[in-house]
Amino acid sequence: MLIATTLLFYSLSNALQVEGHVALFWPLNAVLVGLFSRYSFFNRPYYYTVSLLSLLVWDSFFTINSPGAVLVNVSNISFVLILVNCILREGPATAETVKLNVLRLYSYCLLSALLCSVPGSYGFALSGSASFRDVYPVWFSEEFSTSVLILPFLLTWTGSLSFRSFAPKKLIPLITLILSLTVSGLSGGIGSLSMTLPALIWCAISYSLPTTCLLTMLTGTAEVLMVDAHWVYTNLTGHITQVFSARMGIASIAISPVIVAASVQAINTLVKQLSARANYDYLTRVHSRYGLYEQLKAQDQKAVNTPLNVMLLDIDHFKNINDTHGHDCGDNVLSAFASRVQEVVGEQGIVARMGGEEFAVVMPDASEGKGYRLAEAIREEIEQMELTWGSDTLTLTVSIGLSHGEAARRGIVDSFDRLLTEADHYLYQSKKTGRNRTSAAPSVMDKHLAHSAS
């Protein structure tokens, strides 16, 4: 695979090179850097040697294998070696992810290109008619700009470009980018290369990081080829300063939207983490009070009335557990209790910690009879629990208050607040009448007693 990839992109890069001139676009080195970084087991002397020998053998059959050509190939593999090891310093890489700091990647590409362009330019000067002084800026700017264009995509692509929720308006940034690139090509002048930057920034805000990197790579590559075809400005031959300026400008344009996209991704990840911390109780791993309300709001889109059971659970004599065994034991009890309640409830409802040793279970779309049966199932399961703490075995019971009602259309949150107050009243009854029991409205209790008697 390594030999095939090396020779494929070497042939492609050679095809883009005009005889006697440094290639305006040489993707081989960047592709190898991406391959060696994503599959870090390649980062061994053996595999670098395989790639180098592949190039030398290919040259010996199809081109003149002069000392200058050997030096050029050594320069190419040296660039890969240096840049791969710089990237892998950021952290371990896998085939799925590479830890990427965009600004440092930019500096790594710059440093590697500055160093490795020296032997490459000297070898090219030995093989051709151009002088080292003329070749070096062109070689360096090509190596630097091509790696900046290609590597962000190769290092971030996960096999999907994340078009999860397609909508026509999502195409507007892409259409704007295409129009900007077209106008840039038709306008002429080196300054027109920057016309795509606002559209690329818009794409960075609108699309995922891999998608932005792909669009940036394609845009930058198109601009390089426009320079090569003299679309952007004419009379390119002999104007080394213009070539150098154009490539450095393209590289700077390319890195900016990638930085924006990486920043947006980092912010979105942080928001998700903060949301998860707010929505779930850290100790018990069930929903927090805030998370419960968020879940209810998510269900508040129904346009019909919804039956709703609300249970309020309180661990009996929990204060004695804290006072006797300490707060570490109390935390362990809360965690075990929440886990057991969650197992009993399953997909039937939502479990949340309301504070202290008090928990709520919300059971939508169910009759009051089902609500009562679930409450009793929870109570009976908790009654059978045994927890070991040191040399002691702890048993638990729970008191439950249950309320039932019908949530108005798009009014489930308000109905929940009303039913929670009612459930708190019934919880007080359970505590007052001896604990370890479920209390509900008299009509529900009467049905339960009648069912038990029969």
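This section describes the confidence, the helix packing and the strand pairing of a predicted model.

The protein chain has an average pLDDT of 86, and 87% of the residues score at least 70. Among its elements, helix α13 (residues 327–345) has the highest confidence, at 96, whereas helix α16 (residues 442–453) has the lowest, at a mean of 71. Over residues 234–238 the pLDDT stays under 50, and for this stretch the model has 6 contacts beyond four places in sequence. Where pLDDT is low, the predicted coordinates should not be read in detail.

Two packed helices are described by the angle between their axes and the distance between the axes. Helix α4 (residues 67–88) packs with helix α5 (residues 102–127) at an angle of about 170°, and their axes are 7 Å apart. Because angles over 145 degrees count as roughly antiparallel, α4 is roughly antiparallel to α5. In the contact of α4 with α5, 17 residues are nonpolar and 7 are polar, with no charged residues.

Helix α5 also packs with helix α6 (residues 132–156); the axes of α5 and α6 come within 8 Å and cross at roughly 140°. That angle makes α5 oblique to α6. The crossing of α5 past α6 is right-handed. The contact of α5 with α6 comprises 21 nonpolar residues, 4 polar residues and 1 charged residue.

A further helix pair is formed by helix α12 (residues 318–325) and α13, whose axes come within 7 Å and cross at roughly 140°. Helix α12 is therefore oblique to α13. On the α12 side the contact is made by Phe318, Ile321, Asn322 and His325, and on the α13 side by His327, Cys329, Gly330, Val333 and Leu334. These residues divide into 5 nonpolar and 4 polar, and no charged residue takes part.

The strand pairing is considered next. An open sheet with mixed pairing is formed by 5 strands, in the order β2-β3-β1-β6-β7. Its edges are β2 (350–355) and β7 (438–439), each of which pairs on one side only. Strand β2 runs antiparallel to strand β3 (residues 358–364), to which 5 bridges join it. In this pairing, Ile350 stands opposite Val362 in β3.

Helices also lie against the sheet. Helix α11 (residues 289–298) lies across β2 and β3 and runs at about 140° to β2. Helix α15 (residues 412–432) packs on the sheet as well, where it touches β1 (306–315), β2, β3, β6 (398–407) and β7. The direction of α15 makes about 150° with that of β6.

Another antiparallel pairing involves strand β4 (residues 386–389) and strand β5 (residues 392–395), joined by 4 bridges. Leu387 has Leu394 in β5 as its bridge partner. Strands β4 and β5 form a hairpin with 2 residues between them, and Gly390 in the turn has a positive phi of about 65°.

The loop between α15 and β7 contains Asn436. Although Asn436 and Ile382 are 54 residues apart in sequence, their C-alpha atoms are 9.4 Å apart in space. With residues up to four places away in sequence not counted, Asn436 touches Asp316, Arg379, Glu383, Thr397, Val398 and Ser399.

Terms used: Residues numbered from 1 in each chain as written. Predicted model: local features only at pLDDT ≥ 70, side-chain atom pairs only at ≥ 80, totals over all residues. Heavy atoms only, no water. Axes fitted to C-alpha atoms, helices over the stretch in contact; angles between N-to-C directions. Parallel < 35°, antiparallel > 145°, perpendicular 65-115°, else oblique. Nonpolar A, V, L, I, M, F, W, Y, C, P; charged D, E, K, R; others polar. pLDDT = per-residue confidence, 0-100. Contact = heavy atoms within 4.5 Å. Pairing = 2+ DSSP bridges. Left-handed = near helix turned anticlockwise from the far one by under 90°.
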